[in-house]
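Reader: Could we go through this model together? I would like to begin with the helices and then turn to the sheet.

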Amino acid sequence: MEKKMYKTETHIHCSESSNCSRVSAVEFVHRFKDAGYTTIFITDHYYRKRFKDCETEEDYKAATAEQLAGYHTAKAEGDKIGLNVLLGCEFHINDDDYLFIGIDESFFYHKEIGDMTPEELFDYCNANGYLLFAAHPFRDDCTPKAHAVHGFELINTSYNHYDQNNNDKALELSKTHPHLLTTGGADAHTLNDVGTGGIMTEEPITSIADYIRILRSGNYEIINNKPEGR
Ligand SMILES: [Zn+2]
Ligand SMILES: [Zn+2]
């Protein structure tokens, strides 16, 4: 008998918090559930503009609520229909796009993160227990700093950038740096992204700790489907 596999999408942007996304949190939750996923990560873009003028705790609270509107809506809907919804964030720093794993809301109260060098950023993540991943490491101007990340997206199936992800280069990186963790994600901004990416595991991922443990174990498969229309 074939083993049951559980699907997790690791990289999603909702229209509530990421202007570039065409799909709302509620719609994504239902579409991923329908596509057979057990778990999704909401990784909305960190906008410097959103936090630029934050000085007081109240300012940060308001900006964080905006930042997490997509996540909170997705989480509430996921709880209702039985889909695990986990928090992440994509942050553009020094011309690279990073995915932060293991964060909570307090992460957003530290706008100085955006001014760190890659090495400072890596130290900061280690000190705070976050995992730092290079998102779509060879797309456009991105140049992964292999010495200063925990891992990277080996496969990115983004519909919007399907021909620019250069996953073949990421495969080379995994060969030269086998100690780095690897994952897959659709970088979902459209409905065409649903079902194209993420990872498959033998057990459901219900927490960040599950995700990290499974990535470290190597016991998972990366999903790599071509989006419809590409
Ligand atoms: Zn985007
Ligand atoms: Zn993204």
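Author: Let us start with a definition: the expected span of a helix is 1.5 Å times one less than its number of residues. Please bear in mind that this is a predicted model.

Reader: What does that give for helix H4, residues 69–81?

Author: Helix H4 has 13 residues, so at 1.5 Å a residue it should span 18 Å; its end C-alpha atoms are 19 Å apart, which agrees.

Reader: Which residues of H4 are buried?

Author: Gly70, Tyr71, Thr73, Ala74, Lys75 and Gly78 are buried in H4. The cover over them includes helix H1 (25–34), strand E2 (37–42) and E3.

Reader: On to H1, then. Which of its residues are buried?

Author: Ala25, Phe28, Val29 and Phe32 are buried in H1. They cover an arc of only 100 degrees around the axis, which puts them on the same side of H1.

Reader: What covers them?

Author: Strand E1 (6–9), E2, H4 and E3 are included in what covers the buried residues of H1. After H1 there is glycine 36, with a positive phi near 90 degrees.

Reader: Now the sheet. What is the strand order?

Author: The sheet is open, has 9 strands with mixed pairing, and runs in the order E7-E6-E5-E4-E3-E2-E1-E8-E9. Strand E7 (181–185) and strand E9 (221–222) stand at the edges with a single partner strand each, so one side of each has no neighbour in the sheet.

Reader: Where does E4 stand on burial: how many of its residues are buried?

Author: E4 is mostly covered, with 6 of its 6 residues buried. Both faces are covered: one side carries Asp96, Tyr98 and Phe100, the other Asp97, Leu99 and Ile101, and all are buried.

Reader: How does E4 pair with E3, parallel or antiparallel?

Author: E3 and E4 pair in the antiparallel sense, over 6 bridges. Isoleucine 93 has aspartate 96 in E4 as its bridge partner.

Reader: What lies between those two strands?

Author: The hairpin of E3 and E4 has 2 residues between the strands, and asparagine 94 there takes a positive phi near 50 degrees. Most residues other than glycine have a negative phi. Asparagine 94 counts as partly exposed because 13 C-beta neighbours lie inside 10 Å, whereas a buried residue needs 20 or more.

Reader: Which other asparagine has a positive phi?

Author: Asparagine 166 has a positive phi near 50 degrees. Asparagine 166 sits in the loop between E6 and helix H6 (167–176). With 17 other C-beta atoms within 10 Å, asparagine 166 is partly exposed.

Reader: Back to the strands. How does E5 pair with its partners, E4 and E6?

Author: With E4, strand E5 pairs in the antiparallel sense over 4 bridges, and leucine 99 has phenylalanine 133 in E5 as its bridge partner. Strand E5 (residues 131–134) and strand E6 (residues 151–156) run parallel and are joined by 2 bridges. Phenylalanine 133 also has a bridge partner in E6, namely glycine 151.

Reader: Last topic: where is threonine 143?

Author: Threonine 143 is in the loop between E5 and E6. Threonine 143 is partly exposed, as 13 other C-beta atoms lie within 10 Å. Threonine 143 and aspartate 34 are 109 residues apart along the chain, and 35 Å separates their C-alpha atoms.

How values were computed
Residues numbered from 1 in each chain as written. Chains lettered and ligands numbered in written order. Predicted model: local features only at pLDDT ≥ 70, side-chain atom pairs only at ≥ 80, totals over all residues. Pairing = 2+ DSSP bridges. Buried ≥ 20, exposed ≤ 12 C-beta atoms within 10 Å, placed from the backbone. Contact = placed C-beta atoms within 7 Å. Arc of directions from axis to C-beta.
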